[in-house]
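Work through the exercises below with the sequence and the model open. Each task is followed by a stepwise solution.

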Amino acid sequence: MKAAVIQWFINFAVVIVLLSSTTKAVDTVTPSCNSADAAIVPTKEDTQTMSLATKETSQYEQDGEAAREIAKYLPYFPFKGIPRFYDIGGFLYEPLVFQRIVDIFVARYKEIGIDSVAGLDARGFILGPPIALALKKPFIMMRKKGKMPNSITSDSYKTEYGARDGMTIQKDKIKEGDRVLVIDDLVATGGTLSSAISLVKLCGGTVVECACVVELKMFIDPPAESGLPSRKKLFEKLDHQEVPVWGLISEDVLTNEAKLDKNYVDDGEEH
């Protein structure tokens with residue numbers, strides 16, 4: 001009897017040890033992504049990160065919520081014979097709005113990845129540097145002809161204002177294979193942007209994207225009977241059709257008509 005009791009205790013202890021080992025093994029197994037039974041449950045931190053990523057992406061949707069707020073600070077004037085001349089001086093006067101625009105551009109191009117930022121004479125010189133600084137990338141000036149030493153020049157081009165001499169860039173600023181972001185305040189017919197793209201290609205670089213605060217969609221590919229120039233056709237003619245153009249705000253939401261006093265005169269000059 002005494003021997004049977006002792007044997008029972010021994011058997012019980014063995015079972016306990018086996019159960020303990022099995023539990024530890026289960027606790028230390030890492031679920032495999034290839035297992036049909038593996039369940040991946042996002043942590044609170046993962047959920048917050050995904051939420052922020054979604055927010056970052058949605059903020060640069062054309063005419064999205066952020067764009068519509070910024071549009072309130074882009075009044076239009078009758079200027080240079082154009083009924084709606086959009087004035088970036090409106091948002092430049094508001095530091096928080098200007099900073100918001102810079103932040104949106106930085107978020108977009110941090111995600112895409114670039115080597116340098118090229119700004120077009122002259123308003124691209126205002127928008128480009130703070131974006132380049134935030135991205136810790138070089139800023140390159142693309143200037144009007146005759147304004148800069150050691151430069152090369154693109155072919156002449158046309159804009160909504162008339163014919164222009166080519167844009168220039170210094171020869172040593174873009175290297176073979178560089179991914180370049182081209183920035184201006186507004187794109188309409190695409191003449192100035194096409195000149196900038198040509199310059200980048202002459203230097204051996206690639207234009208990742210042309211980015212503007214305002215994109216006038218009416219010029220993208222208007223019907224032939226409209227008589228409007230087509231940006232799409234111009235890019236195809238110059239073999240630039242692979243270069244994307246992005247604008248934060250379109251004319252669809254630019255409804256802020258400037259309040260003019262009775263002495264207002266359209267004194268716009270060619271520039």
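**Exercise 1.** Does aspartate 63 count as buried or exposed?

*Solution.* The model is predicted: local features need pLDDT of at least 70, side-chain atom pairs count only at pLDDT 80 or more, and totals for chains, interfaces and linings use all residues. Residues are numbered from 1 along each chain as its sequence is written, and side-chain values use heavy atoms, with hydrogens and water left out.

Step 1: buried means under 20% relative accessible area, exposed over 50%, and partly exposed in between (1.4 Å probe, protein chains only). Step 2: aspartate 63 has 14% relative accessibility, so it counts as buried.

**Exercise 2.** Locate aspartate 63 and aspartate 239, and state the phi of each residue.

*Solution.* Step 1: helices (H or I, at least four residues) and strands (E, at least two) are DSSP runs, numbered from the N terminus. Step 2: aspartate 63 is in the loop between helix H2 (44-58) and helix H3 (65-71), and its phi is positive, about 60 degrees, although it is not a glycine. Step 3: aspartate 239 is in the loop between helix H8 and strand S11, with a positive phi of about 65 degrees, again without being a glycine. Step 4: at 48% relative accessibility, aspartate 239 is partly exposed. For background, most residues other than glycine have a negative phi, and most peptide bonds are trans.

**Exercise 3.** Which residues does a cis peptide bond join?

*Solution.* Step 1: the bond joins aspartate 121 and alanine 122, with omega about 10 degrees. Step 2: alanine 122 lies in the loop between strand S3 (116-120) and helix H6 (124-135).

**Exercise 4.** Describe the surroundings of histidine 240.

*Solution.* Step 1: histidine 240 sits in the loop between helix H8 (231-237) and strand S11 (245-250). Step 2: its relative accessible area is 3%, so it is buried. Step 3: contact means heavy atoms within 4.5 Å. Leaving aside neighbours within four places in sequence, histidine 240 contacts Ser194, Ile197, Ser198, Lys201 and Phe235.

**Exercise 5.** How many residues has the largest nonpolar core?

*Solution.* Step 1: a nonpolar core is a set of buried Ala, Val, Leu, Ile, Met, Phe, Trp, Tyr and Cys residues joined through side-chain atoms within 4.5 Å. Step 2: the largest has 39 residues, and those with the most contacts inside it include Leu74, Trp246 and Ile249. Step 3: H3, helix H5 (95-112) and S11 are among the elements that give it two or more residues. H5 gives the most, with nine residues. Step 4: apart from this core lies another, of 23 residues, among them Ile140 and Met142.
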